[in-house]
Amino acid sequence: MAYSSLTEIQARKDELKEEIHQQSGQINTLWHALTAPQESSSKGEIVAHLVSNSITAIDGFLLMRKLMKTYGHIFGRKKRK
């Protein structure tokens, strides 16, 4: 888009600033909804969350172990023979 005057540039800048402000508010709302702790109402849900978090932690550990085994030389570790 071609602009012919400084007032057009300033108007577009103000429009973009308003769009960014609105999108920032939407992102903020979604982020809080995503990261808000969810209350468990029963022991079954507590156990389900505990198992889910444990599986995620184990999966992360195994992934890191595999990456270190494969790419450990990048981090200064020597390869085993």
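**View 1. Charged side chains of the protein chain.** The protein chain carries 12 positive and 8 negative side chains, and the centres of the two sets are 30 Å apart. Lys and Arg count as positive and Asp and Glu as negative, with His and the chain ends not counted; the place of a charge is NZ of Lys, CZ of Arg, CG of Asp or CD of Glu. The model is predicted: local features need pLDDT of at least 70, side-chain atom pairs count only at pLDDT 80 or more, and totals for chains, interfaces and linings use all residues. Residues are numbered from 1 along each chain as its sequence is written, and side-chain values use heavy atoms, with hydrogens and water left out.

**View 2. The salt bridge between Glu15 and Arg12.** The structure holds 1 salt bridge, defined as a side-chain nitrogen of Lys or Arg within 4 Å of a carboxyl oxygen of Asp or Glu. The closest N and O atoms of Glu15 and Arg12 are 3.4 Å apart. Both residues belong to helix α1 (residues 6-35), where they are 3 residues apart, about one turn of the helix. Glu15 is partly exposed at 45% relative accessible area, and Arg12 is likewise partly exposed, at 28%. Buried means under 20% relative accessible area, exposed over 50%, and partly exposed in between (1.4 Å probe, protein chains only).

**View 3. A nonpolar surface patch that includes Phe75.** Leu63, Met64, Leu67, Tyr71, Ile74 and Phe75 together present about 640 Å² of accessible area. Patch members have over 30% relative accessible area and no salt bridge; like charges are joined within 9 Å, and nonpolar side chains (Val, Leu, Ile, Met, Phe, Trp, Tyr) within 5 Å. Accessible areas come from the Shrake-Rupley method with a 1.4 Å probe; for residues, only the protein chains shown count as cover. Phe75 lies in the segment after α2 (43-71) and is exposed, at 58% relative accessibility.

**View 4. Ala33 and the extent of the protein chain.** Ala33 is in helix α1 and is exposed at 57% relative accessible area. From Ala33 to Phe61 there are 28 residues in sequence and 27 Å in space, C-alpha to C-alpha. The protein chain has 2 helices and 0 strands, taken as DSSP runs (helices H or I, at least four residues; strands E, at least two) numbered from the N terminus. Its radius of gyration is 25 Å, well over the 12 Å that the globule rule gives for 81 residues, so the chain is more spread out than a compact globule. This radius is taken over C-alpha atoms, and the rule is 2.2 Å times the number of residues to the power 0.38.
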